[in-house]
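Thanks, everyone. I'd like to walk through some backbone geometry today. Here it is on the screen.

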Amino acid sequence: MALKILIADPSDKWIESASNFLKSESYEITSVSNGKDAQLALYNDKFFAVILNFDLQNHSGLQVLKFIQRNSPSQRVIVVLESQSIIDEEERTSEDQLKKYAMVEILVKPFEVRSLKSVLEGHQSLGDYMKNIKTREGQSDEVEVENSDDDFTKVRIDDFYSSKAVLFDVFIKLKSNKYIKILHAGDTFSKDRIDKYRNEKNVEHLYFHNLDRRKFIQYHNKLATKLIDNKNIPAAAKVKMIRNVADKYIQEAYTQGMKPQVVDQGKEVCENIYNLVENDKSLFKVLKSYEEFDPTAFTHAFLVTLFSTAIIKQFDWQSKTTIEATALACLFHDIGKMKLPKELLNKRPIDMTDDEYALYITHPQLGVEIIEENRMINNSVKQIILQHHENYDGTGFPFKKKGTSILTLANIVCLANDFVHTMIDGEIDPPTALKKILIDRDQVSKYNSMIIENFIKVFVDPAKIVKETSLPSNSKIVNKKAS
Ligand SMILES: [Fe+2]
Ligand SMILES: [Fe+2]
């Protein structure tokens with residue numbers, strides 16, 4: 001069953017080219033050339049998305065948009081503008097105003113009709129992809145393609161899983177800018193073909209188009225959900241699976257920006273992280289042993305997420321909401337660095353000049369600016385990002401906040417962040433990094449002592465932790481619960 005799309009555009013020629021392209025991508029198309037017919041079509045049928053030209057006659061695009069808002073506010077709409085100037089003229093409507101209507105994306109003509117594909121797919125769930133894929137029995141031939149390396153996302157061959165029908169094209173790399181497509185979207189998945197490359201040709205990585213990254217994340221996250229529920233699978237395998245999803249998700253968020261559908265996906269990833277720390281009693285073993293867990297193979301953001309959530313889990317007041325909000329904040333905690341000059345990113349703060357350092361310490365605020373507009377990210381997520389370098393003893397930045405004026409969750413992320421740096425920069429295993437922090441008085445004074453205590457517990461078998469009857473008094477939230 002194909003996904004239905006309504007195209008409303010005054011130009012027959014444009015309708016024709018957009019319809020032909022989308023039909024070739026397996027969509028079912030209804031097209032109209034005026035606003036009245038668009039409303040009638042919307043009244044009579046349900047559509048996955050509407051591609052709506054703002055310059056429609058006989059009921060303008062804005063009128064149709066208002067109609068949609070009244071009658072089906074969850075309808076996805078892609079607004080097509082004849083030129084950017086339409087948006088700039090203040091008597092028409094601004095981009096922000098447009099975004100208040102329905103689930104809106106804006107495209108400005110002229111654009112390649114091909115870009116409709118990624119815009120539409122950006123809103124699709126795994127079920128939608130499955131519905132809309134043209135499947136064929138067996139596999140298509142392998143083809144050599146030339147394509148820029150920048151267009152591809154790389155994944156370890158052992159970390160790649162697929163549904164029965166392959167959701168997107170899968171490649172191996174021949175040399176720079178040259179690839180072989182070994183599986184085509186819609187093919188029946190062939191493990192033999194993958195194994196052939198792994199075993200006979202020692203191929204270590206598979207590649208897929210950046211545009212398909214969302215599908216990769218959706219599928220692997222769904223798989224992770226099932227894996228986490230399975231008691232027979234070791235925690236290390238679960239961590240590896242989530243790392244795989246989270247790493248690709250971070251790449252997606254950094255390239256796509258904080259679009260609602262990207263944030264939505266992040267929330268799903270965080271739900272899995274929550275389930276992992278909540279339900280796996282043997283996670284502590286993975287977190288403390290170096291053999292099972294090679295920190296250099298992980299991205300910084302994912303490790304910070306993993307350790308922050310594991311620390312929160314030790315607090316009595318922890319809940320699904322706190323863990324998920326913190327996980328989301330951790331995935332984006334350094335997103336503000338995107339706005340800093342590239343050469344700064346490879347420098348350690350101690351190696352920076354005064355001017356560089358002054359710029360570097362703005363990254364928490366820059367991060368909040370990036371996500372500010374997003375209504376789906378709540379205030380505590382923003383506060384955690386803003387305060388992730390504030391220290392309990394007042395030596396942090398950007399506000400030199402002190403003591404309980406710092407959000408406990410932000411102070412937890414601060415510790416996890418420092419810990420991950422200690423571990424990776426020093427190339428030491430987690431317990432040694434922990435010791436290194438604990439023997440350094442100055443360092444320990446950066447965190448609320450309750451946090452340090454609970455951090456130590458992350459590495460201890462939960463069965464051996466005796467519940468304290470009275471908790472130290474330096475955390476308001478803890479006191480409330482404990483009394
Ligand atoms: Fe940071
Ligand atoms: Fe960081």
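Start at Pro110. You will find this residue in the loop between β5 (103-108) and α6 (115-121). Keep in mind that this is a predicted model.

What kind of peptide bond joins Lys109 and Pro110? It is cis, and omega is about 0 degrees. For background, most peptide bonds are trans.

Now go along to Pro398. This proline sits in the loop between α18 (379-386) and α19 (408-425).

On to phi. Most residues other than glycine have a negative phi.

Take Ser26. Its place is the loop between α1 (12-24) and β2 (28-32). Ser26 is not a glycine, yet its phi is positive, about 80 degrees.

Is Ser26 buried, exposed or partly exposed? Count C-beta neighbours inside 10 Å, and you get 15. Buried needs 20 or more, and exposed needs 12 or fewer. So Ser26 is partly exposed, with its 15 neighbours.

Next, Asn202. Look in the loop between α8 (191-201) and β10 (205-209). Asn202 is not a glycine either, and phi is positive here too, at about 55 degrees.

Why does Asn202 count as exposed? Because it has 8 C-beta neighbours inside 10 Å, and the cut-off for exposed is 12 or fewer.

To recap. The positive phi values belonged to Ser26 and Asn202.

Technical notes
Residues numbered from 1 in each chain as written. Chains lettered and ligands numbered in written order. Predicted model: local features only at pLDDT ≥ 70, side-chain atom pairs only at ≥ 80, totals over all residues. Helix = DSSP H or I, 4+ residues; strand = E, 2+ residues; numbered from the N terminus.
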